[in-house]
There are 2 protein chains.
Amino acid sequence: MSLSAADDRLAARLPSGVLREIAPTYLEEPRGRFHGRAGLVAAPRDVEETAAIIRACAEAGVAVVPRGGGTGLVAGQIMSDGPAPLILSLERMSAIRDVFPSEGVMIAESGVTLQQARDAAAQVGRQFPLSLASQGTAQIGGVLSTNAGGVNVLRYGNARALCLGIEAVLPSGQIMRDLKRLRKDNTGYDLRDLLIGAEGTLGVITAASLVMAPLPAENGVAMMQVADPEAALDLLALAQGRMAGGVTAFELISGQGLRFLRQHFPQIRQPFDDIPDWIALIEVGLPAGLGADAALEGLFAAGLESGLVSDGVIAQSGQQAAEMWGLREHIPLGNRAVGAIASHDISLPLSVIGQFIRDAQVRLAQQGDMRINCFGHLGDGNLHFNLFPAEGRRREEYDDIRRDLSRMIHEMVVERGGSFSAEHGVGRLKAADLARWGDPVRVQAMRTIKQALDPAGIMNPGVIFPAG
Amino acid sequence: MSLSAADDRLAARLPSGVLREIAPTYLEEPRGRFHGRAGLVAAPRDVEETAAIIRACAEAGVAVVPRGGGTGLVAGQIMSDGPAPLILSLERMSAIRDVFPSEGVMIAESGVTLQQARDAAAQVGRQFPLSLASQGTAQIGGVLSTNAGGVNVLRYGNARALCLGIEAVLPSGQIMRDLKRLRKDNTGYDLRDLLIGAEGTLGVITAASLVMAPLPAENGVAMMQVADPEAALDLLALAQGRMAGGVTAFELISGQGLRFLRQHFPQIRQPFDDIPDWIALIEVGLPAGLGADAALEGLFAAGLESGLVSDGVIAQSGQQAAEMWGLREHIPLGNRAVGAIASHDISLPLSVIGQFIRDAQVRLAQQGDMRINCFGHLGDGNLHFNLFPAEGRRREEYDDIRRDLSRMIHEMVVERGGSFSAEHGVGRLKAADLARWGDPVRVQAMRTIKQALDPAGIMNPGVIFPAG
């Protein structure tokens, strides 16, 4: 490892033993669009070392880029411009400090992977319900800093809703100790929720109290064919009316996504011989005594009767349920195999989703020949609206219109009261979008808070607010 | 209305027609411990008038005390020291601007009462699940500013969890327009959750997007006798294991509370002839097809078998269910009739509650002869732990030890990882407590934010941070 003179001076101020080799993975992000500057990588073992590193960086005037599992999709973990930052990896803070089964709470350090947190809850007969495709790699610190979503938000909320307290190092290098295990605590400003979703710009979360929810007595999974997203939403309303809060996931899958899978992952078993236009993937978690199968059969019958569904499959075993979810989780892999022109992580008010999708199809057709894979967490109004080259064309052929296409999509979303970043965050990728479309008073208040808590601007510069 | 010269100058800057007569109610709070200074009362009709009032106050250097229904219990709505403030009443901003039944969202102005919001949701076959005793008077703005709790937090979360977006006037007089109707929106700092629970010190919420949850298909209510709070918590775990997320409320009632009711509200029908030591009041909201009665009977049988419950009553009609809730809601009235020495709105990690109650009984017995009524939202770890004179003694006899008793209780709570304000907030009543027991780094960060957003300190001074 060769260090610049500035790095040398910083290294001398760090706690001993925290420096790591700069492996290439520290400088990469999953979509390969951003490449990080090589500086120092420090991996503290505890919160005190984390605080010492932040103070050393503040003194040396070196930026800090916190890093969890590195699975973020908006380049919050990658700084590709300006002087090389210190990469603060939470990988060594990977202890589950405590589990309180009867309280339904665990205390996990930021380097714990989401899968490990889920396993720890399962071991005591509970669940940590946050679930997303990258959970084997994504870490709790990153999941909280980006307020990650995933497939169970409909029932359990996003990461923010599953966190009762945090321990964090503020940009001043001070340690905020607020690892409460309380469902109710109205003692002043909600700094927990301010740091959650701040993407490392207001400090570094080092540990968190997480909710372990009770397990439903029965679970069931089904896939039902629907004519369009509006029918899917009506089916969701029907399901929620019948099952109280028992609908834990409600995902929309498009025929385009299924065709991509058939092409690139032919080994994935598809539920219907003819590829339908749209499928709703439904998971329910229910009280004892009802029978998840019976509940899903009842929903299917009611859906048929009201003309909302045309065909359906109810998983008859855990294996079949896992296959259905496997199909859903392969959709991003199918997308990657095809190669997207542009991806959009959007949310919309539920009542305008159907019209938005139709309007966007019309507008996009005017821009050129392309394919759309629209899928995602329909129950939350959160769609991944991704554009692909027409059959036989390459994505590079769309390079000159790609940015305009994204801008058009985002403008249509914002005009309809939606969000240009539903669950991935702003990062560096969308910092200019926030400046353009965010409510100006809100963005100004955000800047005021950033300036007050991090006057030197050392924490993850370029994220949320454009650099420079 | 006679105005001082300073008031005259401020009045001249206000939008026309916003001034109100200073009725005595503007200067009172429910417990009668604080009395407000009489200044101006302004009631804006819309957000622009609200902003103009804030700007006028900023220019005149007059403090602003926002006021909703006035039901708060920590004097957040009453400024009794210093120069008379302008009281900003949201009473005229009482429109439900929009209802989106298919989205499960309504847009309500801050002056809408909680009951009106609940009724608006019920009219479209949904529910606004926040519920508390003062809901006929409490207003949405106050409910959000204090992050109110109530009896359904266990299933639906507190006020914060039920709000998707806000419109607010910041201390600068600028209007933040963020009335999104989105379940997911990760576009920067969570200013919504920062203003929620800020008790009017960072601005004034003028309207909010509120979640209308689906109604459960079936509801049921029961009261079950338990030996102690630990047995009640075990019963809750048993219920949650059997009913997935279907337990919507789980309240603890003490024998002392029942004795107060028998004495002061003999017309309230009590469920058991002999007053038990403890009762759990349980409400469930379940999917169709299960039968709430059957589910509660099953729970009761399982509770009997495991020795957790000794007797029980399941409501056989909506009327009986309402009577059970009526009993629960009369408990604070019983308390008021007896006259408390001191009241405590505390929360604790669930696993330490039983031991805390026993420890506190021992410690209090050492301080003098008194009665304890401990009741509340056990499922959230939130207890109202209130002290009353011994039989035949007057509360005034305890005046010299009252503050020490509260301090002792709060210290015991804080030592055990609990909160000295679970759901009522800090207000002016507990500002010194926060300074004493809050994590110092957290409190300092709160001050930094307050200073940055409200440098002149005009918004609700003395709340959260001690005056002066």
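The model is predicted: local features need pLDDT of at least 70, side-chain atom pairs count only at pLDDT 80 or more, and totals for chains, interfaces and linings use all residues. Residues are numbered from 1 along each chain as its sequence is written, and side-chain values use heavy atoms, without hydrogens and water.

**Salt bridges**

Over all chains, the structure holds 56 salt bridges (a side-chain nitrogen of Lys or Arg within 4 Å of a carboxyl oxygen of Asp or Glu).

| Pair | Closest N to O |
|---|---|
| A:Arg371 and A:Glu391 | 3.5 Å |
| B:Asp399 and B:Arg402 | 3.5 Å |

A:Arg371 lies in strand E17 (residues 370-377), and A:Glu391 in the loop between strand E18 (382-389) and helix H12 (399-415), so the pair ties together parts 20 residues apart in sequence. Helices (H or I, at least four residues) and strands (E, at least two) are DSSP runs, numbered from the N terminus. A:Arg371 is buried at 16% relative accessible area, whereas A:Glu391 is exposed at 63%. Buried means under 20%, exposed over 50%, partly exposed in between (1.4 Å probe, protein chains only). B:Asp399 is partly exposed at 43%.

**Elsewhere**

A:Arg336 sits in helix H10 (residues 318-338) of chain A. Its relative accessible area is 53%, so A:Arg336 is exposed.

B:Leu238 belongs to helix H7 (residues 229-243) of chain B. B:Leu238 is partly exposed at 25%. Its contacts (heavy atoms within 4.5 Å) include B:Leu299, B:Ala302 and B:Leu308, not counting residues up to four places away in sequence.

Terms used. Chains are lettered from A and ligands numbered from 1 in the order in which they are written.
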